[in-house]
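I opened the notebook to look up a few side chains and their partners. My entries follow the viewer.

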Amino acid sequence: MRECRYRASKLANKKTIPCIVREYKNNDILEVQIIENLQRQDVEPTEEAEAIAYLSEKYAPTDIAKRLGRTGNFIRQRLKLAGLIEGFKEFVRNGEMTISLGIGVALFEPEEQQMMLETMGENFNAHQINRMIKDQTYDLEKAPFDVADRKLVAKSGACIECPFNAAN
């Protein structure tokens with residue numbers, strides 16, 4: 001951020017640059033840089049997702065949300081988006097694929113995403129991707145068990161609360 005402040009101060013014809021000088025340990029420097037970069041207005045969504053995924057190795061989503069001034073839902077969505085394989089990330093980057101569709105695709109394992117990508121062929125087709133997602137997901141309303149039962153799978157809890165449930 002020093003370069004940004006320098007350029008801004010130069011444009012404003014300032015003789016001094018307002019700043020706070022802090023000392024950081026090596027690991028903390030990268031974290032501070034990531035958080036500062038995420039504060040920019042023009043951060044590309046997949047870049048943002050990857051940075052938030054990096055922070056999630058050390059912090060809980062609620063802590064990341066507080067540090068970035070974002071909602072918990074925003075952080076969870078970006079964490080899901082980080083699960084996209086590179087081919088789909090490129091579609092998000094160039095604006096062909098919406099973030100919400102990217103999140104839908106990211107719910108699948110990388111191998112499944114690769115198969116979806118190969119099935120689609122050279123040109124992006126949102127309708128085809130939506131159809132593939134619908135064909136590969138399950139309607140919990142038709143489940144032969146109680147989806148609200150927290151003891152269904154002791155480790156995961158109820159289906160309706162599961163973070164892997166696309167509805168969540």
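Which residues does E48 touch, not counting residues up to four places away in sequence? I found L38, V43, R70, F74 and R78. Contact here means heavy atoms within 4.5 Å.

Before going on, I noted the ground rules. This is a predicted model, where local features need pLDDT of at least 70 and side-chain atom pairs count only at pLDDT 80 or more, while totals for chains, interfaces and linings use all residues. Residues are numbered from 1 along each chain as its sequence is written, and side-chain values use heavy atoms, with hydrogens and water left out.

**Entry: E48.** I placed E48 in helix α3, residues 45-56. Helices are DSSP runs (H or I, at least four residues), numbered from the N terminus. I then looked up the accessibility of E48. E48 counts as buried because its relative accessibility is 6%. The cut-offs are under 20% relative accessible area for buried, over 50% for exposed, and partly exposed in between (1.4 Å probe, protein chains only).

**Entry: salt bridges.** How many salt bridges does the structure hold? I read seven. A salt bridge is a side-chain nitrogen of Lys or Arg within 4 Å of a carboxyl oxygen of Asp or Glu.

I took K89 and E50 to start. Their closest N and O atoms are 2.7 Å apart. This pair links distant parts of the chain: K89 sits in helix α6 (residues 86-93), E50 in helix α3, and 39 residues separate them. K89 is buried at 8% relative accessibility. E50 is partly exposed at 36%.

E50 also meets R93 in a salt bridge, at 3.9 Å from N to O. E50 lies in helix α3 and R93 in helix α6, so this pair ties together parts that are 43 residues apart in sequence. R93 has a relative accessible area of 33%, so I logged R93 as partly exposed.

R93 forms a salt bridge with E90 as well, the closest N and O atoms being 3.2 Å apart. Both residues are in helix α6, three residues apart, so about one helical turn separates them. E90 is partly exposed, with a relative accessible area of 39%.

I then looked at how these pairs join up. E44, E50, E86, K89, E90 and R93 are linked in a network of salt bridges.

**Entry: N13.** Where is N13 found? I located N13 in the loop between α1 (2-11) and α2 (26-38). N13 has a positive phi of about 55°, although N13 is not a glycine. N13 counts as exposed because its relative accessibility is 68%.

Key. Helices (H or I, at least four residues) and strands (E, at least two) are DSSP runs, numbered from the N terminus.
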